[in-house]
Amino acid sequence: MNFEEFSFDRRIAAGVKSVGYTTPTPIQEKAIPVILKGRDILGIAQTGTGKTAAFVLPILQRLTQGPRGKVRALIVAPTRELAEQTHQEIIKLGRDTKIRSVTIYGGVSKKPQLAALRRGVEIVVACPGRLLDHVDAGALDLSHVEVLVLDEADRMCDMGFLPDIKRIIRQVPEKRQTLFFSATMPKDIRALADRILDRPETVQIGMIAPAKTVSHALYPVPEDRRKELLVAMLQRTKTGRVLVFTRTKHRAQNLATFMKKRGYRAGALQGNMTQNQRQQAISGFRKGKIDMLVATDIAARGIDVSQISHVVNFDMPDTVDAYTHRIGRTGRAEHSGEAFTFAVRGDSGMVREIEKTIGTKLERRRVPDFDYGVGFNPERQFPQRSSSSSRLPRSFRSRGTRRRSFR
Ligand code: ADP
Ligand code: MG
């Protein structure tokens, strides 16, 4: 199918054309007609499936009719990066509609936000905290909201925004359309959805599991050889943009500095950086000024950089959800990618959980000729019982190296 079949207003169709989308992604195909009908949606889909346009396009369509200068659509997102990314998508897709959108989030001055609100906007894309600040100060009137979107609801709850979300719900009219998106559906999210959605249509894309276009591999490594393994792995693998995840802000900064010293064009993305620094890191990564971004989970939310070839879990994620979100950063929109996960002593429980969720064993890999140290034997902690379906990276094959099993 193509976008013409939705019969969007010609100004919106022009926006779609300008960004180069021709075929809707599966979630767009399923969700757009339902949203256009005014129904509530419970959308369950992993990252990289095209959810943003799935809700932005029908919202723009609705707003082409009716009054201007009132906040008629409110999109709530967990992070400033995601809010910014959604806002940019609105600007691009709605460029011919004259519909106005503003981002509202903390860590930056309130003044430009207030000025935009005074001038009048139809769409607000916001993070919960600052949104409520403006509401409390009487600067933002949510009584005309027709469509409420909660994007990445699971992540918002993980970040402790549930009370704020409940307050926001009380500020918007009861009679409204609600679009609820989440990659995962734990109990608390399910309960929230039940409470705020009115006879929703559930749109679920794929399993609640990482994107299929990503192949997964596990690299057991002794704790103190991690950095060297990363360097060795990169030397032997053909990579494009590489996104590396660490457990803490400090480790992200530290590893980025280390990789820079080793001659890599690397940058950090972590929560202690200012909004400006973060944006610079992301845009440097997008434009190819750096090839490697070392990030923490929260800072990486909403990075919209297409064609990330490799995600490296330098530190094991704390939860399977975090794994899903991290590797959702590669293989976006049908591009294929690889996810490499470093595993140290003590990570075997999480490895088992991840394997259960994605439904396959992670292929165990060993970097050929790398010095793992004496007596390193990962087979006991990370046995490779059955062979998995993951591919060997092309670079390994082309260099004529052979995969060595741990046996
Ligand atoms: P999600 O919110 O599900 O994580 P996004 O909306 O951020 O996904 O979309 C992921 C990527 O796919 C973005 O780079 C976006 O520009 C691209 N994309 C979205 N829809 C389409 C489409 N119909 N055709 C091609 N690319 C698309
Ligand atoms: Mg999204």
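Visitor: How many salt bridges does the count come to?

Guide: This is a predicted model, in which local features need pLDDT of at least 70, side-chain atom pairs count only at pLDDT 80 or more, and totals for chains, interfaces and linings use all residues. Side-chain values use heavy atoms, with hydrogens and water left out. A salt bridge here is a side-chain nitrogen of Lys or Arg within 4 Å of a carboxyl oxygen of Asp or Glu. By this rule the count is 19.

Visitor: Which residue forms a salt bridge with E146, and is that partner, R72, buried or exposed?

Guide: The partner of E146 is R72, with the closest N and O atoms 2.5 Å apart. The two are 74 residues apart, E146 in the loop between α6 (128–136) and β5 (147–150) and R72 in the loop between α3 (51–63) and β2 (73–76); helices (H or I, at least four residues) and strands (E, at least two) are DSSP runs, numbered from the N terminus. Buried means under 20% relative accessible area, exposed over 50%, and partly exposed in between (1.4 Å probe, protein chains only). At 3% relative accessibility, R72 is buried.

Visitor: Where do R155 and D158 lie?

Guide: R155 and D158 form a salt bridge, their closest N and O atoms being 3.9 Å apart. R155 is buried at 7% relative accessible area, while D158 is exposed at 53%. They are three residues apart, about one turn of the helix, and both lie in α7 (residues 153–158).

Conventions. Residues are numbered from 1 along each chain as its sequence is written. Chains are lettered from A and ligands numbered from 1 in the order in which they are written.
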